[in-house]
Amino acid sequence: MRKHIVAGNWKMNTTVPEGVALAKAVVEASKNLPEGVELVVAPPFTHLVPVAQALEGSKVQLSAQNCADKESGAYTGEVAADMLVSAGCGLTILGHSERRQYYGETDEKLVEKVRLALGAGLKVILCVGENLDQREAGQHFDVVKSQIENVLFNFTAEDMKNIIVAYEPVWAIGTGKTATAEQAEEIHACIRKVLAGKFGAQVADDTSILYGGSCKPSNAKELFAQSDIDGGLIGGAALKADSFIQIAQSF
Ligand code: PEP
């Protein structure tokens, strides 16, 4: 059975002490969570070690927001997958639209990143999603399908046990504009169908597919009620423990 997961992407927000305080507040609030919901926080690289310490003894998991497409060596400013493991991460987000848009992250690069992350023992939250022009041109299904094919079709059914997909329509990220539950569900169902075509129905059924894009306490319930939406990747609303936990309580 696939898992219900709510993951908080802190992006480039909070200082180290603020991040540690937020992590502690999330741990405290997570004590009131329904069984079967997994919580993940993804702070900036600088915060990983102290946040890992703050999460110790709790069920809240630690994720990075990115990792390098190289194993090690002369790549100034990059952070390798096994460094993330040694800092306490169990997961990393990859292919977030902000990385695709501002840092030239391509599907080809993502294949390498996913390979290295899985090889280091990390789970991967792979983000896919169309931008506004693509949505308005009616290309959203094709865009998402090709992102899934270009990246995940290079992996095996066994690898898929450690891959979570996040559908994040770019036009909904940080804009306050959420995809309707129907718009999100039809893409999630399409992603699951594409995965089933390549890896079989069981793998598709077991893969958690999260929705991201202005998800907040007021809309999480309706989104999470959809049969193919298994949780959320949360940006802005993850910066306050209360709203993050309220979202997690929406199952
Ligand atoms: C995100 O960036 O992953 C995200 C979903 O952001 P927000 O919730 O702020 O739209």
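**The ligand site and its surroundings**

Modeller: Ser 214 has a relative accessible area of 17%, so this residue counts as buried. The term buried means under 20% relative accessible area, exposed means over 50%, and partly exposed lies in between, with a 1.4 Å probe and protein chains only. Keep in mind that this is a predicted model: local features need pLDDT of at least 70, side-chain atom pairs count only at pLDDT 80 or more, and totals for chains, interfaces and linings use all residues. Residues are numbered from 1 along each chain as its sequence is written, and side-chain values use heavy atoms, with hydrogens and water left out.

Ser 214 sits in the loop between β7 (209–212) and α10. Helices (H or I, at least four residues) and strands (E, at least two) are DSSP runs, numbered from the N terminus. The phi of Ser 214 is near 55°, a positive value in a residue other than glycine. Most residues other than glycine have a negative phi. Thr 14 is another residue with a positive phi, near 80°. Thr 14 belongs to the loop between β1 and α1 (16–29). With 27% relative accessibility, Thr 14 is partly exposed.

Now the ligand. Which residues come nearest to it? Of the 14 residues around the ligand, these are Lys 11, His 96, Glu 168, Gly 174 and Ser 214. A residue is near a molecule or strand if one of its heavy atoms lies within 4 Å of it. By class, this shell holds four nonpolar, eight polar and two charged residues. Here Ala, Val, Leu, Ile, Met, Phe, Trp, Tyr, Cys and Pro count as nonpolar, Asp, Glu, Lys and Arg as charged, and the others, Gly among them, as polar.

The side chain of Lys 11 places an N or O atom 2.5 Å from an oxygen atom of the ligand. For Glu 168, a polar side-chain atom is 2.7 Å from a ligand oxygen. Gly 235 takes part through its backbone: a polar atom there is 2.9 Å from an oxygen atom of the ligand. The ligand exposes 290 Å² when taken alone, and the protein buries 95% of that. Such areas come from the Shrake-Rupley method with a 1.4 Å probe; for residues, only the protein chains shown count as cover.

Ser 97 is part of helix α4 (residues 97–102). Its relative accessible area is 10%, so Ser 97 is buried. Ser 97 is in contact with Val 170 and Ile 173, leaving aside neighbours within four places in sequence. Contact means heavy atoms within 4.5 Å. His 188 lies in helix α8 (residues 181–199). His 188 is buried because its relative accessible area is 0%. Not counting residues up to four places away in sequence, His 188 touches Tyr 167, Ile 209, Leu 210, Tyr 211, Asp 228 and Ile 229.

Move on to charged pairs. A salt bridge is a side-chain nitrogen of Lys or Arg within 4 Å of a carboxyl oxygen of Asp or Glu. By this rule there are 15 salt bridges. One of them joins Arg 2 and Asp 230, with the closest N and O atoms 2.7 Å apart. This pair links distant parts of the chain, 228 residues apart: Arg 2 is in the segment before β1 (4–9), and Asp 230 is in the loop between α10 (217–224) and β8 (231–234). Both Arg 2 and Asp 230 are buried. Glu 105 and Lys 113 also form a salt bridge, at 2.7 Å from N to O. Glu 105 is buried because its relative accessibility is 6%. Lys 113, at 3%, is buried as well. Glu 158 and Lys 161 bridge with closest N and O atoms 2.9 Å apart. Glu 158 and Lys 161 are exposed. Elsewhere, salt bridges that share partners join Arg 2, Arg 192, Asp 205, Asp 228 and Asp 230 into one network.

Note on methods. Polar contact = N/O pair within 3.5 Å; in protein donor to acceptor, adjacent residues only side chain to side chain.
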